[in-house]
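Subject: Structure for you to look at

Hello,

Here is the structure I promised. Please open it alongside this note, and then read on for what was found in it.

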Amino acid sequence: MKKNDFIELEIEDVTDDGSGIGHYDGMAIFVKDSAVGDRVKARIVKVKKHYAFGRVEEIISESHNRVESACPVSRQCGGCTLQHIGYEAELELKKNRVINCLKRIGGIDNPEEYLEEVVGLGSSPERYRNKMQFPVGKDKDGMTVLGFYAGHSHSIIPVEDCMIGHEINRYIIAAIKKWCDENKISVYDEETGKGFLRHVLTRVGFQTGELMVCVIINNKKMKFSEELVSCINEALSKAETKDAIILKSVVANINTEKTNKILGEETVPVWGQEYITDYIGDVQFRISAQSFYQVNPVQTYRLYSRALEYANLTGNETVWDMYCGIGTISLFLAKNAKKVIGVEIVPQAIQDAKQNADLNAIKNAKFYVGKAEEVATELLSGKGTDDTYEEVPDVIVVDPPRKGCDEKLLNTVIKVKPNRMVYVSCDPATLARDLKILMANGFNLEKFSVFDQFSRSMHVECAVLMSRADR
Ligand code: SAH
């Protein structure tokens with residue numbers, strides 16, 4: 001087999017990043033934009049020793065899971081990988097991914113029996129993201145374009161809208177293009193490091209309707225500010241959206257470094273305030289351009305509500321929230337707990353967590369900066385990090401990054417013997433690895449739920465309840 005060969009094959013399975021898998025001549029062939037059940041003619045684009053990559057040239061017979069993509073650029077764009085698959089089938093893929101990991105890696109015989117629910121977005125997997133980041137470029141006629149990077153590349157695929165973002169983005173994209181073209185604003189060139197506008201970031205509070213527009217510029221000084229605000233206002237005045245949107249904040253983030261990082265360190269006000277507010281449940285959050293905030297607020301509410309339910313708090317418990325980020329889960333739990341202790345490695349996130357606690361007048365949440373695995377040991381030895389004695393937790397919640405929990409933290413959890421442990425996970429493989437360790441050390445799997453936080457991608461989240469086998 002060599003590059004540019006055409007082969008015919010049946011798509012049998014899907015990879016963790018959403019690519020179809022089939023076989024040909026004893027080799028695994030990965031075919032992007034195919035669906036399980038498709039029979040396709042594929043063009044080979046890359047050949048390795050035991051596998052190869054192909055692109056769909058023609059669909060010979062269609063999988064019954066296929067749908068017309070809602071997005072005109074989904075094949076070129078490096079974002080969504082599942083736009084061509086029906087939503088029910090997408091949820092099934094995600095559920096199976098979790099079940100397979102629990103079986104294969106976790107050594108759990110019949111994980112299906114513990115599955116409580118697969119929580120999808122509802123009838124439509126669209127318009128769920130509250131934050132968008134568009135790189136800016138020029139087309140061949142010199143007109144400004146905003147879009148997304150193509151897969152594994154930095155060439156911009158121009159868009160006028162994005163199906164997974166809030167519908168207001170369509171109007172903001174148009175406003176920014178107008179602002180650039182009318183004022184001859186240059187765009188950033190990654191090769192030369194020259195040009196003014198790099199990216200545009202938007203955030204919408206789904207509960208409040210508050211909008212932030214942030215332009216990321218390759219200059220210490222913002223320019224054409226008034227023109228920017230008037231272009232945005234003009235676009236908003238014409239906007240037809242389901243819910244009312246109120247412009248609250250226009251800011252410029254300064255990034256003069258030659259880097260792939262989107263945001264620089266400094267953000268300056270252009271118009272209005274420097275933050276928007278939003279709610280998850282009844283907890284209020286203040287969100288600035290640089291703040292971390294969950295991108296799918298509707299599903300986050302459902303996921304964290306389930307975590308709260310699994311924690312089964314009566315008001316007398318001390319709870320640890322490990323890997324707490326900006327304290328979303330901690331603040332959510334605090335109203336039902338005696339005390340919540342949040343631990344997080346990023347100092348800025350802990351500052352936000354403390355501010356959010358104040359904003360909501362929550363007094364029984366305490367936050368520590370540090371590695372969860374290290375702070376946990378200190379807390380247990382009674383030292384605290386500020387010389388106060390912290391009680392042994394009754395319930396432990398963890399929400400680690402994709403690499404899962406550090407083994408040292410798991411060992412501490414095993415030693416502490418909490419009544420319950422709630423594991424919120426964004427990676428089923430590391431979740432399964434960690435559950436295996438916990439189950440070999442006195443914990444029972446009670447139940448779990450699967451949540452679709454990132455529709456149209458293969459990412460999947462879970463909430464798991466573990467209890468002590470001896471209680
Ligand atoms: N529940 C949080 C998000 C958790 S995401 C929220 O809603 O804000 C995982 C978090 O773990 C990230 O904030 C990351 O910065 C943090 N993290 C990564 N490694 C860590 C470690 N070793 N100890 C503590 N926190 C860590």
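M1, Y24 and V47 make a nonpolar surface patch of about 220 Å². Patches here take residues with over 30% relative accessible area and no salt bridge; like charges are joined within 9 Å, and nonpolar side chains (Val, Leu, Ile, Met, Phe, Trp, Tyr) within 5 Å. Accessible areas come from the Shrake-Rupley method with a 1.4 Å probe, and for residues only the protein chains shown count as cover.

A word on the source. This is a predicted model: local features need pLDDT of at least 70, side-chain atom pairs count only at pLDDT 80 or more, and totals for chains, interfaces and linings use all residues. Residues are numbered from 1 along each chain as its sequence is written, and side-chain values use heavy atoms, with hydrogens and water left out.

M1 sits in the segment before β1 (6-14). Helices (H or I, at least four residues) and strands (E, at least two) are DSSP runs, numbered from the N terminus. M1 counts as partly exposed because its relative accessibility is 35%. The cut-offs are these: buried is under 20% relative accessible area, exposed is over 50%, and partly exposed is in between (1.4 Å probe, protein chains only). M1 and P418 are 417 residues apart in sequence. In space they are 56 Å apart, C-alpha to C-alpha.

There is also a charged patch. E374, E378, D406 and E407 gather on the surface as a patch of negative charge. Lys and Arg count as positive and Asp and Glu as negative, while His and the chain ends are not counted. The place of a charge is taken as NZ of Lys, CZ of Arg, CG of Asp or CD of Glu. E374 belongs to helix α7 (residues 372-380). With 39% relative accessibility, E374 is partly exposed.

**Salt bridges**

How many salt bridges does the structure hold? There are 27. A salt bridge is a side-chain nitrogen of Lys or Arg within 4 Å of a carboxyl oxygen of Asp or Glu. Side chains of opposite charge can pair when their charged atoms come close.

Three of these pairs follow.

- D5 and K2 meet through their side chains at 3.2 Å, N to O. K2 is exposed, at 55% relative accessible area.
- R75 bridges to D33, with the closest N and O atoms 3.5 Å apart. The pair links distant parts of the chain, 42 residues apart. R75 is in the loop between β5 (51-61) and α1 (87-104), and D33 is in the loop between β3 (27-32) and β4 (39-47). R75 is partly exposed at 38% relative accessibility, whereas D33 is buried at 10%.
- E117 bridges to R306, with the closest N and O atoms 2.7 Å apart. E117 lies in strand β6 (residues 115-119) and R306 in helix α4 (residues 297-311), so the pair ties together parts 189 residues apart in sequence. E117 is partly exposed at 34% relative accessibility, whereas R306 is buried at 12%.

R75 and D33 also belong to a network of salt bridges that links K32, D33, R55 and R75.

Which residues of β11 are buried on each side? On one side they are E210, M212, C214 and I216. On the other they are L211, V213, V215 and I217.

β10 is largely enclosed by the rest of the structure, because 8 of its 8 residues are buried.

Now the pairing. Two strands pair if DSSP finds at least two bridges between them.

- Strand β10 (residues 197-204) and β11 are antiparallel, over 7 bridges. L201 has C214 in β11 as its bridge partner.
- The hairpin of β10 and β11 has 5 residues between the strands, and G209 takes a positive phi there, near 75 degrees.
- β11 and strand β12 (residues 246-254) pair in the parallel sense, over 8 bridges. The partner of I216 in β12 is N253.
- Strand β7 (residues 131-138) runs antiparallel to β10, joined by 5 bridges. K131 has R203 in β10 as its bridge partner.

Best wishes
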